[in-house]
Amino acid sequence: MTRRAVLVQLLQQHITFDEREEADRCAMLRLVHELADPLSREEPSAHFTASAFVVDEAGAYTCLVEHAKLARLLQPGGHVEPSDISLEAAALREAHEETTLEVELHPTAPRPFDLDIHEIPPRPGEPAHFHLDVRYLVVGRGVPCAGAAWYEIGAAGDESVGRLASKALSFGTRSGG
C-alpha cells in the first residue's frame, strides 16, 4: 500500500472530537488527493506533519517545547522525513528529538489522537503555507532537555494545545487505560 493510500485510510477511519476537527479531516482528505506529494515539506502550499501530545505516566503533565521560529509553547512535532515508516514513527521521532524523553505511543488512545490544520507564517525563503498535522497521544518519561519542560495539562500553550489538553483530559490520559 502506498504512503498516500495509508494516509487516506487513516483519515477515513478517524473519529473526530468536534466540528472543527471534522472540518480539518475533510479538508485533509481533499488535500491528500490534490497535493502531488502530500508528505513532502517541498509542497509549497500545504503538507502533512506529525506531532505528539506528550503526557507523563500519571496523565497530569504534558511536555511542551518553546518553538523558536514561532515563539510559542507547542507540542513537539514536525515534518515527515522520507525515512519515517509511518506518521506514528515521525511523531515519536520528533517528540524524542525535541524533548530527549523516552517516548512511546499511549497504549489505549486512538491513533491518530487529533487532526489539525494550521497556517505557518511566511519567513525568509519560505512562503506562508499550511501544516496538515496528524497528532498522537504519547507517554513520555524522563527529564526534558533545554527548551522543553513539563507543564500541568491545560496550564500552558496556545489554543491548539488547549484543545489537545481538553481532549486528553476527557479521554483520560493514564497510560494504564
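I count a contact when heavy atoms lie within 4.5 Å. I take helices (H or I, at least four residues) and strands (E, at least two) as DSSP runs, numbered from the N terminus. The model is predicted: local features need pLDDT of at least 70, side-chain atom pairs count only at pLDDT 80 or more, and totals for chains, interfaces and linings use all residues. Residues are numbered from 1 along each chain as its sequence is written, and side-chain values use heavy atoms, without hydrogens and water.

**Entry 1: helix α4.** I checked the length of α4, residues 159-171. The expected span is 1.5 Å times one less than the number of residues. For its 13 residues this gives 18 Å, and the end C-alpha atoms are 18 Å apart, which agrees. At the start of α4, I found a side-chain oxygen of D158 within 3.1 Å of the backbone nitrogen of S160.

**Entry 2: its cover.** Which residues of α4 are buried? I call a residue buried under 20% relative accessible area (1.4 Å probe, protein chains only). I listed S160, V161, R163, L164, A165, K167 and A168. An α-helix has 3.6 residues a turn, so residues three or four places apart point the same way. The cover over the buried residues of α4 includes α2 (19-34), β1 (46-55), β2 (61-67), β3 (72-74), β6 (114-120) and β7 (129-141).

**Entry 3: the whole chain.** I noted four helices and eight strands, in the order α-α-β-β-β-β-α-β-β-β-β-α. Of the 177 residues, 48% count as buried. The C-alpha trace spans about 40 × 35 × 30 Å along its principal axes. Among contacts between residues at least 6 apart in sequence, 70% join residues at least 24 apart.

Technical notes
Buried means under 20% relative accessible area, exposed over 50%, partly exposed in between (1.4 Å probe, protein chains only). A polar contact is a pair of N or O atoms within 3.5 Å; within protein, one must be able to donate a hydrogen and the other to accept it, and residues adjacent in sequence count only if both atoms are side-chain atoms.
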